[in-house]
Amino acid sequence: AETVSEASLPSDWSKKPTKAEQEAKRKACLDAAKNDLKAPRREYIFSFPKGGFLDRYVDGCLNDPRDKPLFNMLMNTCCVSIPLLVGLFAFAPNNKWGHLMGLGYFLTHYVLFLHSYILALHYSSHRRLMKKGCSLEWFNLMAPYILCPMFGIPSGMYYLHHIVMHHCHDNCIPYDMSSTEPYQRDNLLHFAVYWLKFWTTIFFELPRFAFRVKLYRLSFMSVVYQSLYFTYVYKTFRYNPVVCIWGILVPFMFTQFMLAYGNFGQHQFVEPGKPSNYRSTFNCLDCFDNTKSFLDGYHVLHHNNSRLHWSMFPETFMKQVDKMNEEKALSFVKIGFFEASLLIYRGKLDVLADKAVTPWDASKQELIDIMKARLKPIKRDTKID
């Protein structure tokens with residue numbers, strides 16, 4: 001972004017909002033959360049007939065009835081994508097027609113399910129989906145073990161990466177190997193380095209991390225899971241390179257890019273100094289993405305309490321809205337993380353500031369200054385105790 005002198009800035013950018021304007025922004029926060037609360041769920045395409053045997057059967061097995069949309073999403077993926085992949089294994093020839101079939105499989109599978117699946121995996125890793133001891137308890141294994149490789153994620157690795165490493169250490173170096181702190185987070189070249197490191201080094205960084213923090217069983221199991229994953233890749237390539245390319249390798253590269261882009265974007269605004277969940281991420285309210293991602297836009301709340309049920313985010317945000325303002329947490333309306341990141345990379349912080357509703361007592365220029373400060377690289381002691 002170009003540097004401009006203070007004198008050349010629009011005069012109203014430095015103007016502090018009036019009490020009426022602050023109250024209007026506070027109301028906008030509450031209205032946005034209410035809209036998210038009543039918005040339709042778009043994470044899944046179909047469900048079992050309401051009130052039917054299967055519907056009641058699933059209801060009796062769910063650990064939390066509020067997770068019915070999450071179950072439906074995973075059930076949709078099992079019913080659509082698994083048969084498509086089996087068909088690819090069975091019928092795709094190792095020629096250009098096979099590649100055309102593979103492309104069709106990949107586009108169908110990813111357009112329909114990728115976004116919602118990642119968040120279904122995410123929330124079902126934080127909170128058990130099916131009751132312990134019920135007849136559908138085995139379904140808890142579908143997202144992290146069976147479906148993961150279809151979406152380019154090695155089986156069994158997500159829990160260690162996201163729950164143990166990322167959430168336990170809240171994006172802070174040196175423990176969180178996927179931390180965004182060392183980077184200039186509005187610089188595309190820095191993101192490219194982050195993405196390259198994200199998917200190339202994580203295979204040995206994760207077991208090493210678990211071993212260094214004395215989680216020896218998780219370290220050992222991560223090596224086992226990776227060995228099984230690479231065996232699957234090798235065997236599939238020997239069986240049919242077309243299936244390996246479209247069923248494993250293309251999903252891996254695409255998903256790893258999206259995971260890196262997503263994590264980098266959600267933790268682009270990080271305040272230097274003592275880590276604070278209020279100021280190490282931001283919220284995106286009342287946007288279409290929230291209807292496809294189990295309300296993932298409430299990322300400040302999620303990091304404050306990773307056990308809080310996703311359906312409670314809007315209600316909790318409304319209760320904590322004044323705290324969000326006091327803590328200078330950034331919240332934006334009518335924009336998702338993906339679009340917000342694009343504005344950041346383009347240097348359009350002024351456009352993003354116009355969508356900010358917290359902190360509501362800051363001028364536009366103060367909001368821009370806050371964002372600029374939170375984009376700078378952060379240095380910490382990189383020694384692991």
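A salt bridge here is a side-chain nitrogen of Lys or Arg within 4 Å of a carboxyl oxygen of Asp or Glu. Keep that in mind as you open this predicted model, since the tour starts with charged pairs.

**Stop 1: Glu327 and its partners**

Select Glu327 and Arg279 and show their side chains. They meet in a salt bridge, with N to O at 2.7 Å. Now colour the chain by secondary structure. Glu327 sits in the loop between helix H14 (321-326) and strand E2 (330-333), while Arg279 sits in the loop between helix H10 (241-266) and strand E1 (282-285), so the pair ties together parts that are 48 residues apart in sequence. Are these two residues buried or exposed? Both Glu327 and Arg279 are buried.

**Stop 2: Lys68 and Asp59**

The structure holds 17 salt bridges, and another one to visit joins the side chains of Lys68 and Asp59, at 2.8 Å from N to O. Lys68 is buried, with a relative accessible area of 16%, whereas Asp59 is partly exposed at 39%.

**Stop 3: the nonpolar cores**

Next, select Leu74, Tyr117, Met130 and Phe317. Of the 60 residues in the largest nonpolar core, these four touch the most other members. Then highlight helix H4 (residues 96-126), which supplies the largest share of this core, 11 residues.

Zoom in on Tyr117. Which residues does Tyr117 touch, leaving aside those up to four places away in sequence? They are Met73, Leu74, Ala143, Leu147, Cys148 and Phe151.

For a second, separate core, select Cys287, Phe332, Ile344 and Ala356, which are among its 22 residues.

**Stop 4: H7 against H10**

Finish with helix H7 (residues 188-200) and H10. They pack at an angle of about 125°, with their axes 9 Å apart, and are therefore oblique to each other. The crossing of these two helices is right-handed.

To see the contact surfaces, show side chains on both helices. From H7 come Phe191, Tyr194, Trp195, Phe198 and Trp199. Facing them in H10 are residues including Phe252, Met253, Gln256, Phe257, Tyr261 and Phe264.

Notes:
Residues numbered from 1 in each chain as written. Predicted model: local features only at pLDDT ≥ 70, side-chain atom pairs only at ≥ 80, totals over all residues. Heavy atoms only, no water. Core = buried A, V, L, I, M, F, W, Y, C linked by side-chain atoms within 4.5 Å. Buried < 20%, exposed > 50% of the residue type's maximum accessible area, 1.4 Å probe, protein only. Helix = DSSP H or I, 4+ residues; strand = E, 2+ residues; numbered from the N terminus. Contact = heavy atoms within 4.5 Å. Axes fitted to C-alpha atoms, helices over the stretch in contact; angles between N-to-C directions. Parallel < 35°, antiparallel > 145°, perpendicular 65-115°, else oblique. Left-handed = near helix turned anticlockwise from the far one by under 90°.
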